[in-house]
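Here is a short briefing for a reader new to this structure. Please look through the sequence and the 3D view before going on.

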Amino acid sequence: MSIQSDNFQVPEIDYDDFRNSVGTMDETGNRKWVYPRKPKGKYTNYRNYTSNFLLLLFFGLPFVKINHNPFLLFNVIDRKFFIFGQPFYLQDFFILALGAVTSVIFVMLFTVVFGRIFCGWLCPQTIFMENVFRKVEYWIEGDRNRQMKLDRQEWNSEKITKKVTKWSIFVLISVIITNFMFMYIIGYEDVFKIIMEGPVDHSLQFLGMVGFAIAFYFTFAWLREQVCTLVCPYGRLQGVLIDKQTINVYYDFKRGENRSKWRNGEDRKDVGKGDCIDCHQCVVVCPTGIDIRNGQQLECVNCTACIDACDEVMEKVGLPKGLIRYATEAEIENQEKFKFTSRMKVTTLFLALLIGFLGFLMYDRGSMEAKFIKPAGSTFFIRDKKITNTFIYTLLNKSNEQKKLSIKVISPKHAEIDFFGSDKITLKGDQILKGNINITFPEKDIKFSKQNMTIGVFDEKGKLIDSFDTVFEGPFQLPL
Ligand code: SF4
Ligand code: SF4
């Protein structure tokens, strides 16, 4: 494609050539190491605030408890799950499954409208890479040019010192991240116990921690942007989730082309040049090694570094900022300003409703669960004109508080319950209790061979806290 005007002509450039290669791979298929320039600017500041807040949450939440319960815990080993301090059991699995499905719908709808905002602002990979590991790298090895020079130079004392210091700090950070991640799985008390008692007594957990620490080190020291461009399934889905109405980081090609180097005193419009001065600052700052001027690409994690870099350049040359900005493709094509469209409003409302629904599911799950199941192969027996069925009860206390419970048949009326002991049941916090009961009805009250029955569990104030629908079996009855 050649770009021409009456006064200006640029050489023939194949603008689609970038599609034939991966930004981080050379012609021989070897990895091209990305040395992004240290970003600075308005968006970088906002992202730093967001990242610092999220890092604070990550390192702080394992110590937060609600009603003596961990705020978040996903103990897959002991099958103990706590979300916002609420315990979840295998019995609540449908809520977790529904929550997972709701989250997938949420993420998809969010992406359709808001693009990869998650990747740039909230993804742990981006936050740890750009705000922790990369910062250490800048601190020890300097900015882009000094890093490139260091990598090219011989292994002298300066290079050995800098590399060994950086790698050692990377190992230390990987170990710290692993310890905190394990706090979300086994709780901070158990992690401290492993640290205090040493690896010999906890060899399995210790090996797991070593494995994760190695994986984190490998990811942040070597794999880096390859996680976003090659490994992450969410990144792979972008092609089918975004369209011309999706908000993303875009280069305003209508305004920017024909790109050409800056010349002092030149009226660029007069000579048919666009606002892009082809300074490559948006490219050298990109942590995934792409040129945003080629259009939206799978590799772009919407980190906004190129927006800041270009705004800085525009400010220096006295052109309006926003040549690279958050926009939709349609806005760029039609040269419109960003609008919060009705589609965005409706989707945002729907997303809020989805979150509300998820919150309701969690809130409405109750603090108690009761089940009354017949023992396998059991049937009824009749004595003194009374019919009896045996049930095995399972009572699960989903709270931390001890509960004093009683069990009564709500319908039909006139049931007697034999508890084989005291009819007052005490259930400790977080306890599962199983036992047998016999339920007996006068023969005249059982009208069907399978009579619907509701059993209630009541607290010590007599308030119904859970009920269970089952059937009571009696002799076969001819239809009336
Ligand atoms: S930073 Fe802006 S002006 Fe420079 S090459 Fe990128 S888009 Fe063009
Ligand atoms: S193109 Fe811009 S927004 Fe996308 S990853 Fe590169 S620097 Fe970040």
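Ligand 1 is surrounded by Y251, C276, I277, D278, C279, H280, C282, R293, C310, M314, L323 and I324. This is a predicted model. The points below take up the ligand, then helices, then sheets.

**Ligand shell**
- The shell around ligand 1 divides into nine nonpolar residues, one polar and two charged.
- Among the shell residues are C276, C279, C282 and C310.
- H280, D278 and R293 also belong to the surroundings of ligand 1.

**Helices α4 and α6**
- Two packed helices are described by the angle between their axes and the distance between the axes.
- Helix α4 covers residues 124-141 and helix α6 covers residues 157-186.
- Their axes come within 9 Å and cross at roughly 155°.
- α4 and α6 are therefore roughly antiparallel to each other, since the angle is over 145 degrees.
- The crossing of α4 past α6 is right-handed.
- On the α4 side, the contact is made by F128, V132, F133, V136, E137, W139, I140 and E141.
- On the α6 side, K162, K163, T165, K166, I169, F170, I173, S174 and I177 take part.
- By class, this contact of α4 with α6 has 10 nonpolar, two polar and five charged residues.

**Helices α1 and α6**
- Helix α1 spans residues 42-60, and its axis comes within 9 Å of the α6 axis.
- These two axes cross at roughly 60°.
- α1 brings L57, F58 and F59 to the contact, while α6 brings I176, I177, F180, M181 and Y184.
- This contact of α1 with α6 has eight nonpolar residues, no polar and no charged ones.

- Strands of a sheet pair through backbone hydrogen bonds, either parallel or antiparallel.
- Three strands form an open sheet in the order β3-β4-β5, with antiparallel pairing.
- β3 (72-75) and β5 (86-88) stand at the edges with a single partner strand each, so one side of each has no neighbour in the sheet.
- Neighbouring strands here are turned by 30° against each other on average, direction ignored.
- β4 (residues 80-83) pairs with β5 over three bridges.
- F82 stands opposite P87 in β5.

**Four-stranded sheet**
- A further open sheet of four strands runs β13-β11-β15-β16, with antiparallel pairing.
- Its edges are β13 (425-427) and β16 (464-473); each has a single partner strand, so one side of each lacks a neighbour in the sheet.
- The twist averages 35° from one strand to the next.
- β11 (residues 403-411) is joined to β13 by three bridges.
- K403 stands opposite L427 in β13.

Terms used: Residues are numbered from 1 along each chain as its sequence is written. Chains are lettered from A and ligands numbered from 1 in the order in which they are written. This is a predicted model: local features need pLDDT of at least 70, side-chain atom pairs count only at pLDDT 80 or more; totals for chains, interfaces and linings use all residues. Side-chain values use heavy atoms; hydrogens and water are left out. Axes are lines fitted to C-alpha atoms, for helices over the stretch in contact, and angles run from 0 to 180 degrees between N-to-C directions. Angles under 35 degrees count as roughly parallel, over 145 as roughly antiparallel, 65 to 115 as roughly perpendicular and the rest as oblique. A crossing is left-handed if the near helix is turned anticlockwise from the far one by less than a right angle, and right-handed if clockwise. Contact means heavy atoms within 4.5 Å. Ala, Val, Leu, Ile, Met, Phe, Trp, Tyr, Cys and Pro count as nonpolar, Asp, Glu, Lys and Arg as charged, and the others, Gly among them, as polar. A residue is near a molecule or strand if one of its heavy atoms lies within 4 Å of it. Two strands pair if DSSP finds at least two bridges between them.
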